[in-house]
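I opened my notebook to look up how this chain is put together.

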Amino acid sequence: MLTLTDNAQAVINGIVANAEAAPTGGIRISQDLEGAGLNVTVATSPEADDQVVEAAGAKVFLDPSAAVTLDDKVLDASAAPDGRVDFAVGQQG
C-alpha cells in the first residue's frame, strides 16, 4: 500500500485546508487516460471504488488503476514559497 512521508502529510493537509475541501477531503490520484501518468486533484470525498490511504490526518484517494501502480511506493511532496507543490513517487525502503 502507498505510504506518505511526513512532508507529504503536511503538504496534503495544507492543500485540503486551503481548498476548504471539508473534513472528509483529501487529494485524489487517478491514472490518466493513456495510462502513462497520474493526475492529482483535490476531492471532498473518495469515489466509491477508491482506495483510501490516511496518515496524520492526510487523506489520499486512489482510483483502482493508481492504487495498483502505487501499491509499493512512497509519496513525498514539497511546497515552494510561491504555492507550487511538487509530488515525487519513490520505492518503499
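Here are my entries, beginning with the overall picture.

**Entry: the whole protein.** I noted at the start that this is a predicted model. I looked up the secondary structure and found two helices and seven strands. Reading along the sequence, I wrote down the pattern β-α-β-β-β-β-α-β-β.

**Entry: size.** I checked the radius of gyration, which is 12 Å; a compact globule of 93 residues would come out near 12 Å, so the protein agrees with that. The box around the C-alpha atoms is roughly 30 × 30 × 25 Å along the principal axes.

**Entry: surface and contacts.** I looked up burial next, and 38% of the 93 residues are buried. The accessible surface is about 5300 Å², with 51% of it on carbon and sulfur atoms. I then took the contacts between residues at least 6 apart in sequence, and 49% of these join residues at least 24 apart.

**Entry: the sheet.** In what order do the strands of the open three-stranded sheet lie? I found β1-β6-β7, with mixed pairing.

**Entry: β1 beside β6.** I followed β1 to strand β6 (residues 73–79) and found the two paired in the parallel sense, over two bridges. In this pairing I found T3 opposite V74 of β6. Helix α1 (residues 6–18) packs on the sheet and touches β1, β6 and β7. I also noted that the direction of α1 makes about 60° with that of β6.

Terms used. Residues numbered from 1 in each chain as written. Predicted model: local features only at pLDDT ≥ 70, side-chain atom pairs only at ≥ 80, totals over all residues. Heavy atoms only, no water. Pairing = 2+ DSSP bridges. Helix = DSSP H or I, 4+ residues; strand = E, 2+ residues; numbered from the N terminus. Contact = heavy atoms within 4.5 Å. Axes fitted to C-alpha atoms, helices over the stretch in contact; angles between N-to-C directions. Rg over C-alpha atoms; globule rule 2.2 N^0.38 Å. Buried < 20%, exposed > 50% of the residue type's maximum accessible area, 1.4 Å probe, protein only. Areas by Shrake-Rupley, 256 points an atom, 1.4 Å probe, with all protein chains shown as cover.
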